[in-house]
Amino acid sequence: MSLRGISKRFGAVQALTDVELDVYPGEVVALVGDNGAGKSTFVKILAGVYTPDEGVVTFDGRNVTIPSPSAARNLGISSVFQDLALADNLDVVANLFLGREVVHGVMDEEEMERRSWELLRQLSARIPSVRIPIASLSGGQRQTVAIARSLIGEPKVVILDEPTAALGVAQTAEVLNLVERLRERGLGVILISHNLADVQAVADRVAVLRLGRNNGTFRMKDVTYEQIIAAITGATDNAVTRRASARTPKEPTE
Ligand SMILES: Nc1ncnc2c1ncn2[C@@H]1O[C@H](COP(=O)(O)OP(=O)(O)O)[C@@H](O)[C@H]1O
Ligand SMILES: [Mg+2]
């Protein structure tokens, strides 16, 4: 998926100006930036929540528009926002299939349960039971269920907005493992995170937003922690290197 020239204004606030981003199959791209940099606005455009004022989105080489969340899902773009939108009183199976129940005349509970275990197994996820309410799971397990649910529609791109923000060390490690499983499945992953250690642990590339503009896109192996911080804070904002680095994406893996 490629985005070019994305701009978005809310009244007097220019939230995004001429932003570009690519994500390839089997790649994790981290999107970082200070509060108010435009990260959430940008991914909400991808998720069909907001429509950009300007810009072009191409998906699988075709120009597309994403006028609604269901349009995003139909294209194969799935998102897990910070609130997770899980139903606390329902069990894991019910949450995974919420709104997508497998129906063979009647709702096929056995089939949904079988597919739930299969999905969690593929993700190497540690969930004690798929028949317990979401309310009794840990924060990391809830995040796992939300990510697993995002895979039900067989997406090609998954957007994760701050998936480790509320988690402890061990749970964070589990979620980062999960991100690696998504990459192994050939998905493109866009990971928003405030935690640069997480970003350095799993991302292939990192794109920095600052004040609603691109301020550097780097391959993770070519960039230091200090360089990322400098791009986030604006200590470096050389427009020439910014454009040069933004135009050396990873080769497609397919
Ligand atoms: N719905 C909205 N209405 C008005 N302004 C908004 C809205 N959403 C975001 N903004 C503004 O757009 C800018 C970017 O915000 P946001 O995308 O939430 O940044 P981030 O997620 O990087 O913290 C901020 O100045 C924010 O106040
Ligand atoms: Mg945000």
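In this predicted model, six strands make up an open sheet of mixed pairing, arranged in the order E6-E9-E10-E3-E11-E12. Strand E6 (77–80) and strand E12 (213–219) form the edges, each pairing on one side only. From one strand to the next, the twist averages 20°. Strands of a sheet pair through backbone hydrogen bonds, in either a parallel or an antiparallel sense. For E6 and strand E9 (residues 157–161), the sense is parallel, and the pairing extends over four bridges. Val80 stands opposite Leu160 in E9.

Two helices are described here in relation to the sheet. Helix H1 packs on the sheet and touches strand E3 (27–32), E6, E9, strand E10 (188–192) and strand E11 (205–210). Helix H6 lies across E3, E9 and E10. Their directions relative to particular strands are as follows.

| Helix | Strand | Angle between directions |
|---|---|---|
| H1 | E9 | about 150° |
| H6 (residues 169–184) | E10 | about 155° |

The largest share, three residues, comes from H1. The shell around ligand 1 consists of Phe10, Val13, Ala15, Gly33, Asn35, Gly36, Ala37, Gly38, Lys39, Ser40 and Thr41. Grouped by class, these residues comprise four nonpolar, six polar and one charged.

Terms used. Residues are numbered from 1 along each chain as its sequence is written. Chains are lettered from A and ligands numbered from 1 in the order in which they are written. This is a predicted model: local features need pLDDT of at least 70, side-chain atom pairs count only at pLDDT 80 or more; totals for chains, interfaces and linings use all residues. A residue is near a molecule or strand if its C-beta atom, placed from the backbone, lies within 6 Å of it. Ala, Val, Leu, Ile, Met, Phe, Trp, Tyr, Cys and Pro count as nonpolar, Asp, Glu, Lys and Arg as charged, and the others, Gly among them, as polar. Two strands pair if DSSP finds at least two bridges between them. Axes are lines fitted to C-alpha atoms, for helices over the stretch in contact, and angles run from 0 to 180 degrees between N-to-C directions. Two residues are in contact if their C-beta atoms, placed from the backbone, lie within 7 Å.
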